[in-house]
Amino acid sequence: MSLPICRPLTLHELELAAKDKLPPHIYEFYAGGSDNQDALTRNRSAFSRLVIRPRVMVDVSKVDTSIELFGWRSPLPVGIAPSAMQRLAGGNGEIDVAKAAAGMQLNMSLSSQSTSALEDVMDVQQQIDPAAGNLPPFWMQLYLYEEAQKSVSLIQRAEAAGYQALVLTVDTPVLGNRLSERRTAVVLPPGLSLPNLEPTPSSSSPSLGPKQPSVNRQLMNATTATEAQALLKVAGARMHSSSLTWGATLAFLRRTTRMKIILKGIMTGEDAALAVEHGADAIIVSNHGGRQLDAASSTIEALPEVVAAVRGAIPVILDGGVRSGTDVFKALALGADFVLVGRPVLWGLAYDGQHGVEAVMHILERELSRTMALAGTPTVKEITKDRVGVIMRDGFGISKL
């Protein structure tokens, strides 16, 4: 018989506590992946193939988990990834997340499909006493519309509000086949909206089911090519762009904003090199939390190839499958400059609003600090590739990377 959990001590325990509180279809909406959920599973399981090679007789009486990114000193090499419709998770949604991030001086990215206005989220940061210094940067995530000019107003709003970077999601020309979401539609309840997006026309076809929060989710539910084409005719200009190209898209964004441009969804060395060539300020190695191409590799497996292609020219950020401070350590050892967590923040939000989100980040900080001490790496700069090995698939032992 297991003892009741009074206070979650790990992110897994936080997820279990959140699952008990959330309606099943909302939990599945956040937790699920696409198709057979293979990419979702790989994101987690790939970390377990990596082991840490600890060094001893090192002075770790003072462990420093801070890093510098874009000239800003972060107390942790961990930020909060963008995720949609956070008020469905609980509390005040994005506002609670922003309060936690701002209070702990941590970076967060706001989803353009948030249930809070981007200006209201940034106001949370501005309420911090300027005398405290080191205000954490907030970034704005964006899906470009098929008609890119229709995205300009949102980009301008974000820049005017004080967001420091634009996180362009590049792996979503269409939504992945998210079966749980198709079986039980996630519909915004009365009183909730997506205030960062302009209203989109809805299809008159009854076969597409109840109204979804975005046209892209309606398209995902289309069961025939005829239904899909009918929807595209009604709202094609408002769809996520399926015609992004390196030269045209980056040039458009540079003409439109002075914010830094971060590309989210890079999974190969070839695309990483193109991102550098076309002037991206950073890239995020991401497979959309396993919600897009189910046959994609895990992000931690893709990371070394991407790091090698970038050659230190721009920061490389990783998300996907990070569930412990040890996972953060492994990502840093393989060359990530920064790590993002998404679902754990939603579990914290469901568990206890702002305080739950803070609990998530405190757990990661304590686990990372402890791992660094036990591995003999008192600073993040000392977390290098030689500190990890990979378990051999055949035979016995580990191989250095």
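**Reading the helices**

Q: Which residue follows H14, and is its phi positive or negative?
A: H14 is followed by Gly376, whose phi is positive, near 80 degrees; helices here are DSSP runs of H or I with at least four residues, numbered from the N terminus. This is a predicted model, in which local features need pLDDT of at least 70 and side-chain atom pairs count only at pLDDT 80 or more, while totals for chains, interfaces and linings use all residues. Residues are numbered from 1 along each chain as its sequence is written, and side-chain values use heavy atoms, with hydrogens and water left out.

Q: How far apart are the end C-alpha atoms of H14, and where does H14 bend?
A: The expected span of a helix is 1.5 Å times one less than its number of residues. H14, residues 343-375, has 33 residues, and although a straight helix would reach 48 Å, its end C-alpha atoms are only 27 Å apart. At Asp352, H14 bends by about 140 degrees, the bend being the angle between axes fitted to the seven residues ending there and the seven starting there.

Q: At what angle do H6 and H10 pack, and which residues meet?
A: Axes are lines fitted to C-alpha atoms over the stretch in contact, with angles from 0 to 180 degrees between N-to-C directions. H6 (residues 152-161) and H10 (residues 246-256) pack at about 50 degrees, their axes 10 Å apart, and H6 and H10 are therefore oblique to each other (under 35 degrees is roughly parallel, over 145 roughly antiparallel, 65 to 115 roughly perpendicular, the rest oblique). From H6, Val152, Ile155 and Glu159 meet Phe252, Leu253 and Thr256 of H10, where contact means heavy atoms within 4.5 Å.

Q: How do the axes of H4 and H5 lie, and which residues meet?
A: The axes of H4 (residues 94-103) and H5 (residues 118-126) come within 9 Å and cross at roughly 25 degrees, and H4 and H5 are therefore roughly parallel to each other. Glu94, Ile95, Ala98, Lys99 and Ala102 in H4 meet Asp120, Val121, Val124 and Gln125 in H5.

Q: Which residues meet where H11 and H12 cross?
A: H11 (residues 269-277) and H12 (residues 299-310) have axes that come within 8 Å and cross at roughly 35 degrees. Gly269, Glu270, Ala272, Ala273 and Val276 from H11 meet Glu305, Val306, Ala309 and Val310 from H12.

Key
Helices (H or I, at least four residues) and strands (E, at least two) are DSSP runs, numbered from the N terminus.
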